[in-house]
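The tour goes stop by stop.

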Amino acid sequence: ILSALCPLCSPLQVDGLFIIGWMYLPPHDPHVDDPMRFKPLFRIHLMERKCATVECMYGHKGPHNGHIQIVKKDEFSTKCNQTDHHRMSGGRQEEFRTWLREEWGRTLEDIFHEHMQELILMKFIYTSQYDNCLTYRRIYLPPSSPEDLIRPGLFKGTYGSHGLEIVMLSFHGRKAKGTKITGDPNIPAGQQTVEIDLAHPLQLPDIENLRDFSELSRIVLEAQEQVRRREQEQEQRQEEEERSQQAPSQPAASPLGGECAKGEETATGAEGTTQSEAPGSQPFVLPMGVISRNEDYPRSCRICFYGTGLIAGHGFTSPERTPGVFVLFDDDRFGFIWLELKSFSLYSRIKVSFQNAEAPSREAFDEMLKNIQSLAT
């Protein structure tokens with residue numbers, strides 16, 4: 001899988017004498033369970049040995065002259081040599097309305113919320129400025145293990161007025177990470193949108209009390225404080241271990257270290273217990289006041305965990321991690337309640353089969369995650 005630095009996911013496919021780069025687009029907001037949409041982005045015509053022509057497929061006037069440059073291993077760039085093919089006779093207004101119909105499945109008149117209109121216009125400007133030159137880098141699918149809560153992979157998720165975006169769910173011991181493969185004007189692609197603490201399951205109240213947002217907020221903030229204390233104890237323990245290594249004649253154990261070790265055993269036990277209990281289910285409903293783009297979310301869930309979600313201002317300004325709830329519905333769907341935003345994101349698995357996309361090793365996958373995050377930053 002190759003991901004462009006603009007919000008696209010574009011695998012390559014060999015079709016006879018052509019190599020075609022496809023743009024994989026999420027379904028129209030907010031229908032996360034609908035299949036992905038496909039559009040050709042570029043085409044390489046293999047005419048004869050060491051001879052090929054490149055065509056840009058972007059725009060509405062058919063294939064036209066393009067160029068491809070191999071930058072280095074697992075990286076290349078494409079450039080359109082006839083960008084006038086991307087333009088429309090009616091100017092930017094016609095291009096925006098056409099983009100809105102194709103990408104969102106609606107017209108400007110259908111969108112009444114002024115803030116949503118602003119965000120959609122920003123996304124159009126952001127994506128259209130990269131329509132003539134794109135850079136691609138390889139993305140590996142996350143490796144899986146029998147201990148994983150569900151099978152890792154790519155998911156379509158609702159992001160409020162930003163529409164649907166693509167997120168990669170991967171597991172890292174006691175943590176699960178949701179990394180954006182496509183982005184928006186607030187949080188760009190490559191950033192870690194959610195992080196789930198698998199050692200800290202949450203016991204939600206009964207269905208009636210769950211409707212009370214203040215009750216859910218109390219549970220999550222208590223979990224946040226417990227996680228903060230645990231992390232502080234772990235840091236103190238590490239500092240004491242480092243000091244004891246520097247002075248081996250002194251005893252390494254301390255009451256605090258013993259308490260921390262006990263806490264770690266409890267967390268490990270909780271993780272094992274929650275994963276074995278995952279097939280169960282409990283009623284679920286969103287608290288009053290929590291906004292969801294998709295009201296057709298599941299009304300039962302398997303298990304919930306404390307987690308954090310990344311929020312920021314326009315242009316990725318003042319980013320911060322805020323508390324939330326990871327909700328596992330089934331093998332192919334999960335959700336995240338953003339406590340501070342009073343918002344709910346629903347994610348559904350992308351069931352497209354990507355061939356030869358597995359990471360050669362866990363180390364290679366982790367390195368890829370670091371690289372795409374540094375590019376976005």
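In which loop is Asn 356 found? Select Asn 356: the loop between β19 and α6 (362-376) holds it. Helices (H or I, at least four residues) and strands (E, at least two) are DSSP runs, numbered from the N terminus. Asn 356 has a positive phi of about 55 degrees, although it is not a glycine. Asn 356 is exposed, with a relative accessible area of 70%. Here buried means under 20% relative accessible area, exposed over 50%, and partly exposed in between (1.4 Å probe, protein chains only).

Some ground rules. This is a predicted model, where local features need pLDDT of at least 70 and side-chain atom pairs count only at pLDDT 80 or more, while totals for chains, interfaces and linings use all residues. Residues are numbered from 1 along each chain as its sequence is written, and side-chain values use heavy atoms, with hydrogens and water left out.

**Whole chain**

Show everything. The chain has six helices and 19 strands. Of its 377 residues, 46% count as buried. Now think about contacts, meaning heavy atoms within 4.5 Å. Among those in the chain with a separation of 6 or more, 56% are between residues 24 or more positions apart. The accessible surface comes to about 19,200 Å², and 50% of it belongs to carbon and sulfur atoms. Accessible areas come from the Shrake-Rupley method with a 1.4 Å probe; for residues, only the protein chains shown count as cover.

**Largest pocket**

About 740 Å³ of space lies in the largest pocket. A pocket is an open set of points on a 1 Å grid over the protein atoms alone, with protein on both sides within 12 Å along at least five of seven lines; a cavity is a set where a 1.4 Å probe fits but cannot get out, and lining residues have an atom within 4 Å of a point. Grid points are joined across faces, edges and corners, and a volume is the space filled by probe spheres set on the points.

Colour α1 (91-104) next. Its seven residues are the largest share of the lining. Then colour domain 1 (12-137) and domain 2 (153-214 + 281-375). Both give residues to the lining, so the largest pocket lies between them. The domain bounds come from an automatic or database domain assignment.

**Second largest pocket**

Select Tyr 159, Gly 160, Ser 161, Leu 341 and Ser 343. They lie nearest the centre of the second largest pocket, which is lined by 26 residues. About 580 Å³ of space lies there. This pocket also has lining residues from domain 1 and domain 2, so it lies between them.

**Cavity**

The count comes to one cavity of 30 Å³ or more. About 110 Å³ of space lies in the largest cavity. Select Leu 41, Cys 56, Thr 78, Lys 79 and Cys 80, the closest to its centre among 17 lining residues.

**Two backbone stops**

Select Asp 29 and Pro 30. A cis peptide bond joins them, with omega about 5 degrees. Pro 30 is in the loop between β3 and β4.

Finish at Asp 74, in the loop between β6 and β7. Phi of Asp 74 is near 65 degrees, a positive value in a residue other than glycine. Asp 74 is partly exposed, at 29% relative accessible area. Most residues other than glycine have a negative phi, and most peptide bonds are trans.
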